[in-house]
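Student: I have a new structure to read. Please take me through it step by step.

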Amino acid sequence: MNALYVRASQALVAILLLGLVGCNEAEQTEQALEPVAFHADDECHVCGMVIADFPGPKGQAVEKGGVRKFCSTAEMLGWWLQPENRVLNAKLYVHDMGGSSWDQPDDEYLIDATSAYYVAGTGLKGAMGAVLATFAEEAAAQKLAAEQGGRVLRFEEIDQSVLQQSSGMHQDMSDHNAHAGH
């Protein structure tokens, strides 16, 4: 009888320990994935360019395993639209240009990219490819679109065709090459 009691006690302890480990894993999975600061030597995950060399809002994808940083919101969205990346448990962030300067966006104004308002088709300068201005408030996005031209979009409306049609795509690549040191 004692042997049976000892085995049952050991099994109960093992079950309790597994339960505690399971709770801890669930807690870690639910941890908030917060944005991180950009640094002067950060390189774009897509093109490898130094992020700080370009004006305009930047993007980042924060996962449990690390952070991918992008020289523009369009670079981040182009990366995100790839099927293999859409399944990642990443939280996307962009700069809110309603509270930040275009030339040097302030990391204090990083916002959830899925709730941002995007202005595509302006003449504003940014990194290579499409230039998408990002805002937390729709009114600020509408104001920029009225002043600079362009149209306001939501996260769900952005696809590869938007990224290719945006006026930033027609930007002279010599601007980019000058930044790249070519």
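**Cores, bridges and a cavity**

Tutor: The largest nonpolar core has 33 residues, and those with the most contacts inside it are Leu77, Leu92, Tyr118, Leu132 and Ile158. Such a core is a set of buried Ala, Val, Leu, Ile, Met, Phe, Trp, Tyr and Cys residues joined through side-chain atoms within 4.5 Å. Buried means under 20% relative accessible area, exposed over 50%, and partly exposed in between (1.4 Å probe, protein chains only). Keep in mind that this is a predicted model: local features need pLDDT of at least 70, side-chain atom pairs count only at pLDDT 80 or more, and totals for chains, interfaces and linings use all residues. Residues are numbered from 1 along each chain as its sequence is written, and side-chain values use heavy atoms, with hydrogens and water left out.

Student: Which element gives the largest share of this core?

Tutor: Helices (H or I, at least four residues) and strands (E, at least two) are DSSP runs, numbered from the N terminus. Here α2 gives the largest share, five residues. Helix α2 spans residues 73-80, and eight of its eight residues are buried. Among them are Met76, Leu77, Trp79 and Trp80.

Student: What does Ile158 touch?

Tutor: Contact means heavy atoms within 4.5 Å. Not counting residues up to four places away in sequence, Ile158 touches Leu77, Leu81, Tyr118, Leu132, Leu153 and Leu163. A second, separate core of 12 residues includes Tyr117, Val131, Ala133 and Phe135.

Student: How many salt bridges does the structure hold?

Tutor: A salt bridge is a side-chain nitrogen of Lys or Arg within 4 Å of a carboxyl oxygen of Asp or Glu. The structure holds four. One of them joins Asp42 and Lys69 (2.7 Å, N to O). That pair links distant parts of the chain, 27 residues apart: Asp42 is in the loop between α1 and β1, Lys69 in strand β2. Both Asp42 and Lys69 are buried.

Student: Are Lys143 and Glu147 buried or exposed?

Tutor: Both are exposed. Their side chains meet in a salt bridge (3.8 Å, N to O). An α-helix has 3.6 residues a turn, so residues three or four places apart point the same way. Lys143 and Glu147 are separated by about one helical turn because they are four residues apart in helix α4.

Student: Which residues are closest to the centre of the largest cavity?

Tutor: On a 1 Å grid over the protein atoms alone, a cavity is a set of points where a 1.4 Å probe fits but cannot get out; lining residues have an atom within 4 Å of a point. The largest cavity has a volume of about 50 Å³. Of its 13 lining residues, Pro57, Ser72, Gly126, Ala127 and Val131 are the closest to its centre.

Methods. On a 1 Å grid over the protein atoms alone, a cavity is a set of points where a 1.4 Å probe fits but cannot get out, and a pocket is an open set with protein on both sides within 12 Å along at least five of seven lines; lining residues have an atom within 4 Å of a point. Grid points are joined across faces, edges and corners, and a volume is the space filled by probe spheres set on the points.
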